[in-house]
2 protein chains.
Amino acid sequence: MSMPTANSDRLWSTLMEMGAIGGTAGGGCRRLALSEEEGRARILFKHWAEEAGCVVTVDRIGNIFARRGGTDRDAAPVAIGSHLDTVPTGGKFDGAYGVLAGLEVMRRLQDLGVTTQRPIELIAWTNEEGARFSPMTMGSSVFTGDIALDFALSRQDPSGVSVGEALQAIGAAGDVPVGGRRFSAYLETHIEQGPLLKEGGEQIGVVTGSFKARYFVATIKGQAAHVGPTLMEQRHDAMVGAAALILEINRIGRSRGRDGRSNAPYIEVEPNVRGVIPQEVRLSCDVRHPDADEALAMEAELRDACAKVATDYGLSVALDQYFEFGPINCHDDMCALIRETTTSLGFTQRDILTVASHDAVPMMDFCPTGLFFIPSETGISHSETEYSTPAQCSDGASVLLNAVIKLAG
Amino acid sequence: MSMPTANSDRLWSTLMEMGAIGGTAGGGCRRLALSEEEGRARILFKHWAEEAGCVVTVDRIGNIFARRGGTDRDAAPVAIGSHLDTVPTGGKFDGAYGVLAGLEVMRRLQDLGVTTQRPIELIAWTNEEGARFSPMTMGSSVFTGDIALDFALSRQDPSGVSVGEALQAIGAAGDVPVGGRRFSAYLETHIEQGPLLKEGGEQIGVVTGSFKARYFVATIKGQAAHVGPTLMEQRHDAMVGAAALILEINRIGRSRGRDGRSNAPYIEVEPNVRGVIPQEVRLSCDVRHPDADEALAMEAELRDACAKVATDYGLSVALDQYFEFGPINCHDDMCALIRETTTSLGFTQRDILTVASHDAVPMMDFCPTGLFFIPSETGISHSETEYSTPAQCSDGASVLLNAVIKLAG
């Protein structure tokens, strides 16, 4: 029999309807984790999943599981999924594509009247982005046991609302215990967040590994004083120190050419008023490189830069690591499965590294896990301009569909 | 008769009791304009003023007027005053000292049983700092007609609360129309916010003029994108541009030695989350110099720096002036009055420029206005460590008392 493929029109209209929830004037999407908008996205997803014949359950961290039964009720399920939350100025594809490509798999299996041997579970994980609540990949990390449920529930957004409160506020908390069961495999598809597939013209990117990334908070302490009368020579201006550090961070990433990444995207300033020299700045920053040793060398440069800023500007600078990611261990047999499926469907492909984390990353140590990308037309994500074509979206869903069929038997 | 002097112990205990409202663990004061704490400070001040025999009225922007009658009911009053609000991490002296030195004047006149010819009005102006609501010197500027009442009432703090709402919330709005009447003179005393009196050992600083200061918002626009996969060479990172601009601003001030000032103390970042390259930064900044031409030259350098940052980092940078201050025109006869009074009391003095604005600044064009400083032991203000000694505070109140007696007859 010929290989089944995704229904491109159905998948596209589903993506666009989901993208309209929190849709922005600029064509993007603002659907922060556990916001009112994301609550509506959850309701719509559950409705669609039930229409596709799935049984929906929700765990205590808000992860949604849409289960399609198999002929062998005792077999560990094949899991697929991604996330519905976005960054504040995000697009329609990052996260939602992986969930809705999974929904298209469920719908196509229903169209075909196929029952696999293993059950299939489609998962919408809670708070992958970490934009409102830190840390990122929260729902999947609680599921795998990498972070504790109570810790996750107590995390607060900048306005002081906790994850637990936000779950209650939108009715997104379920009663199923988090984790405590096995999957036979986990498979995730995602838009590429960089330009490589677009540059090379390939249809599928098989993720074989990742950059190594370390994330820090730099705390720069000076002394508050009046912005006017205080002599420049007497100042201990934490904002100036932060500025010098931001430029150093940028330099460290750029010095590694196309392989280096470094960022300082989030800043908190005290007191952050017009009349007072800032006494403290907390700057979230990170360094990333495909070569783990080189990433550590970048971190060493960052630590040197902190010491230099402290000396140059009469400040104290502390650098505390709060997160680490990679290098991840992609499963060879899952990579092989994605490659074979892609080839069988007649699509072009390349191997690729992921620079960012995904829900698949905590899953890597939990069960055999595969991750693959479809091209980004604009080469960027976390942006209103992120975009993949209907055909690109459909191709990825077709790979997912056939890989799932192989895994679920 | 010998010249009357302030009651040092009474003034000091009054300053300490007021400073305890919003008092911080670090020995400073957090009493933002129209906050609950400042509301309690207003009630205490009105109570004290009435105890000292004054009639208290409040205008629609919340300026408090404590009036001591004169023998000539039709004479224009002599006004004195300052403000009760502080910056978020302020001290016990900036603002409150001028109000409470004025209260000591009222109390001493009551002790002496003296009735002057002219009425005397002691004023606690609303929102001098501009830390919660911009612009600064709001109450005095509405009084003088420099800004419109409706405009001031509509200004919002960062959480969206307007001045009008905040006035209602703490019951600080009065029913007296703002302005519309004359003063024969206005006199204000304030702690010095720099180290000059301390360095020179003088007891009183007679303010003869000011720095010229221009205040801007620099709006730096780039493009949001994912912090991980986006190649460094493809980025348009508004935070990096802001950092480069902050360092340039700092350099511009430092290049003028002890006469230059430049600041970038307030920043707003969008979206300011860990996963997204910032697409927009709005940076409040200013340049100041005693020589107005040199201040304009600093502004020109700032504009050049904006253009260079835009080119270097692939951004757009707009610089919009939102406020200007100075050079102010101090009244020669008021300066002479302060000098004579200081000499008569046996205190040492020097002329001095103010680098920051004060409520006396909008008053300069409204009526003959004088401003003088007492020393700061630590040389800084807008800090928990700002401090003047009981004797320094008392000396300034004695100068104020005797100058007011001369002005009021």
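Good morning, colleagues. Please bear in mind that the model before us is predicted.

I begin with the chain as a whole. Chain A contains twelve helices and twelve strands. Its C-alpha atoms occupy a box of roughly 80 × 45 × 40 Å along the principal axes. The radius of gyration is 22 Å, and because a compact globule of 409 residues would come near 22 Å, the value agrees with that expectation. Of the 409 residues in chain A, 61% are buried. As for the contacts between residues at least 6 apart in sequence, 77% join residues at least 24 apart.

I turn now to the sheet. In chain A, four strands form an open sheet in the order 8-9-7-10, and their pairing is antiparallel. Which are the edge strands? They are strand 8, residues 261–270, and strand 10, residues 316–325, each of which pairs on one side only. From one strand to the next, the twist averages 20 degrees.

Let us look inside this sheet. Strand 7, residues 212–221 of chain A, and strand 9, residues 280–289 of chain A, run antiparallel and are joined by ten bridges.

Thank you for your attention.

Key. Residues are numbered from 1 along each chain as its sequence is written. Chains are lettered from A and ligands numbered from 1 in the order in which they are written. This is a predicted model: local features need pLDDT of at least 70, side-chain atom pairs count only at pLDDT 80 or more; totals for chains, interfaces and linings use all residues. Two strands pair if DSSP finds at least two bridges between them. Helices (H or I, at least four residues) and strands (E, at least two) are DSSP runs, numbered from the N terminus. Axes are lines fitted to C-alpha atoms, for helices over the stretch in contact, and angles run from 0 to 180 degrees between N-to-C directions. The radius of gyration is taken over C-alpha atoms; the globule rule is 2.2 Å times the number of residues to the power 0.38. A residue is buried if 20 or more other C-beta atoms lie within 10 Å of its own, exposed if 12 or fewer, and partly exposed in between; C-beta atoms are placed from the backbone. Two residues are in contact if their C-beta atoms, placed from the backbone, lie within 7 Å.
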